[in-house]
Amino acid sequence: MSTLLDKIINFFKWPITWYILISTPALVRSFYFFQISNIKTFALLAGVVFFIFSKTMMDATVRTSMQIIAHEFTHSFFALLTFHKVKHIRLNPDDTGGEMGFVGDGNWLIIIAPYFFPLFCFIYICIMNFLPKQLIWNSILGYFLGYHIDTVFSQIHPEQTDLKKVGFRFCFMFLPGINLFAIGSLLAYNSKGLTGFIQYFHLINQLTLSYFDYIKMLLNSSF
C-alpha cells in the first residue's frame, strides 16, 4: 500500500508544485479578505507577540531542541500518514540535528513536510475542537503559529540536507506558496473554524481561476 501511495504522490509532485506557484498571487491577495479587526484575530496576534517575547527569554539550547523535535516528528507524522512504519527517531546529543527512519523508499512529501506543515498547530486544533469557546484558546493557537513560523525560517538554508534531496528549484517554487496557504488556513480556522477553512480554500481556487481567465484573455488579445 505504501509503495503504491509513494508512486502516486511522487507522480503529482510537479503538477502540485506548479499549481502552488501559479496560486501564489491569489494566496497573497487572499490576506486582504481576512477581517483583521476581528477579536479572534487580535487574540491570535497576541499569542504570536507573546511567543516573540518568550523567545527572547528562552534558552537557545532548549529552543533548538524543540525545533529539532518538531522537525523529526513532522517527518514521522507524514511517514505514518502515507502508511510507512517509523523505525526510530533520534536527536543528536549536541543539538546539531536529528534523524528519523522508516520502512520503504518514501516520497517527497515526507521530506519537505517540516518546512511548511504546522504540526503543533494541527494537534492543538484537534484538541481545540473539544474546548469551550474562549479567546484564550485563540491566543494559544497564535503562540503555536509564531513557533511554527520561527521554526520554518530557522531551518530553511542552503546547507539543509532535506532541501538538497528534493531540489532547490522545487523548494523555490513550492515553499513560499504552501507556507502562505498554511498560514492563511490557520487564520481562516481561527476566525470561523472548519467552515472558515473551507471558505478560504474555495476563495483561493476562485482567485486562481480568475488569474487563468485573465491570462487567457491577454493571450487571445495578442493574436
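**Aromatic pairs**

Reply: In this predicted model, the count comes to 22 aromatic pairs.

Me: Why is the pair of phenylalanine 78 and phenylalanine 117 called edge-to-face?

Reply: The ring centres are 5.0 Å apart, and pairing needs them within 6.5 Å. The planes stand at 85 degrees, and the cut-off is over 60, so the pair is edge-to-face.

Me: Which parts of the chain does this pair link?

Reply: Distant ones. Phenylalanine 78 is in helix 4 (residues 60-81). Phenylalanine 117 is in the loop between helix 5 (108-112) and helix 6 (119-128). They are 39 residues apart. Both phenylalanine 78 and phenylalanine 117 are buried.

Me: What makes phenylalanine 116 and phenylalanine 174 an edge-to-face pair?

Reply: Their centres are 5.8 Å apart, within 6.5 Å. Their planes make 90 degrees, which is over 60.

Me: Why is this pair said to tie together parts of the chain?

Reply: Phenylalanine 116 lies in the loop between helix 5 and helix 6, and phenylalanine 174 in helix 9 (residues 168-221), so the pair ties together parts 58 residues apart in sequence.

Me: How do you know whether phenylalanine 116 and phenylalanine 174 are buried or exposed?

Reply: Buried means under 20% relative accessible area. Phenylalanine 116 has 9%, so it counts as buried. Phenylalanine 174 has 2%, so phenylalanine 174 also counts as buried.

Me: Which residues do ring pairs link into a cluster?

Reply: Trp14, Phe77, Phe78, Trp108, Phe116, Phe117, Phe122, Phe170 and Phe174.

Me: Where does lysine 13 lie?

Reply: Over the face of phenylalanine 170, at 4.7 Å from the ring centre. The distance cut-off is within 6 Å.

Conventions: Residues are numbered from 1 along each chain as its sequence is written. This is a predicted model: local features need pLDDT of at least 70, side-chain atom pairs count only at pLDDT 80 or more; totals for chains, interfaces and linings use all residues. Side-chain values use heavy atoms; hydrogens and water are left out. Rings of Phe, Tyr and Trp (its six-membered ring) pair if their centres lie within 6.5 Å; planes under 30 degrees apart count as stacked, over 60 as edge-to-face and the rest as tilted. Helices (H or I, at least four residues) and strands (E, at least two) are DSSP runs, numbered from the N terminus. Buried means under 20% relative accessible area, exposed over 50%, partly exposed in between (1.4 Å probe, protein chains only). A charge sits over a ring if NZ of Lys or CZ of Arg is within 6 Å of the ring centre and within 35 degrees of the ring normal.
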